[in-house]
Amino acid sequence: MSSPQSQHPAGSTALNMDHQWLPFTANRHFKQAPRIFVAAEGMHFTTHDGRQVIDGISSLWCVGAGHNRRPIAEAIKKQLDTLDYATAFQISNDQAFEAAQMIADLCPGDLNKVLFCNSGSEAADTSLKVALAYHRARGEGHRNVFIGREKGYHGVNFGGMSVGGLPANRKVYGAQLLPRVDHMRFIHDPVHHAYIHNQEPVWQEDPLLELEGRILALHDPSNVAAIIVEPVAGSAGWYLPPKGYLQRLRQICDKHGILLIFDEVITGFGRMGTNFGAD
Ligand SMILES: Cc1ncc(COP(=O)(O)O)c(C=O)c1O
């Protein structure tokens, strides 16, 4: 497939844009007015025509420490020169164990095991797999229902799309999403519930009533493997959970032997002012 608009926007340098598909992007539209960055420093990108642009979402929360941060760049270079890659199947490397220990030290409570993945999407799907394998190893292989939340986003793979609650994904891939998945209601209802800027919203009613009263009752709690949520909803817009919501969710899960998965792709590693959203 080739596109008629395949020249660099500045016209000076020919840039063939025929071969890369951008995800979550209207590609033809992009090519009519491409936004192309050629460098980055601190909180700014440099565009192909020399303008500085603020990276206001730290490149989808991946560059929270800033672009081209020297200690990070130097650590990456040093490691490339020392040991560039070793598979994690049957072997490992010293730095991976050190990194896992540092992460375990940052994690709240008794969370102290780390399984490295290559993306948030892979991590979300892996967490679902770990939940199934965990229950099976304990002799409860029948626990295979997952519960997510409306408007939840857990990446682009089939597991994450299934527990996620984005209608656009269901429109296209719905027929092949995971079976035995249900969704709780979203945590923001602008008509009936107060929302105070920068504070935990207080709901008049218990937003988790429906979880115990309808969803768990329908599937039977003993069949439920895990509930997965973003501690703070991100892709749906920035929505804090109602006051006490996460604590109550933890209690409900504990009561029924259900695992609680926090997808911390955008809340983890200091981005909430604490180490993790769970804190
Ligand atoms: C909560 C959450 N989970 C999963 C993902 C997917 O992560 P990735 O884009 O690294 O696959 C994202 C991406 O923003 C996310 O916000």
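**Packing of helices α8 and α9 in the predicted model.** Helix α8 (residues 209-219) packs against helix α9 (residues 245-256) at an angle of about 40°, and their axes are 12 Å apart. The two helices are therefore oblique to each other (angles under 35 degrees count as roughly parallel, over 145 as roughly antiparallel, 65 to 115 as roughly perpendicular and the rest as oblique). Their crossing is right-handed. This is a predicted model, in which local features need pLDDT of at least 70 and side-chain atom pairs count only at pLDDT 80 or more, while totals for chains, interfaces and linings use all residues. Residues are numbered from 1 along each chain as its sequence is written, and side-chain values use heavy atoms, with hydrogens and water left out.

**Residues at the contact of α8 with α9.** From α8, the contact (heavy atoms within 4.5 Å) involves L211, E212 and L216, and from α9 it involves R248, L249, I252, K255 and H256. Four of these residues are nonpolar, one is polar and three are charged.

**Contribution of α9 to a pocket lining.** Helix α9 gives the most to the lining of the second largest pocket, with three residues (a pocket is an open set of points on a 1 Å grid where a 1.4 Å probe fits, with protein on both sides within 12 Å along at least five of seven lines; lining residues have an atom within 4 Å of a point).

Methods:
Axes are lines fitted to C-alpha atoms, for helices over the stretch in contact, and angles run from 0 to 180 degrees between N-to-C directions. Helices (H or I, at least four residues) and strands (E, at least two) are DSSP runs, numbered from the N terminus. A crossing is left-handed if the near helix is turned anticlockwise from the far one by less than a right angle, and right-handed if clockwise. Ala, Val, Leu, Ile, Met, Phe, Trp, Tyr, Cys and Pro count as nonpolar, Asp, Glu, Lys and Arg as charged, and the others, Gly among them, as polar.
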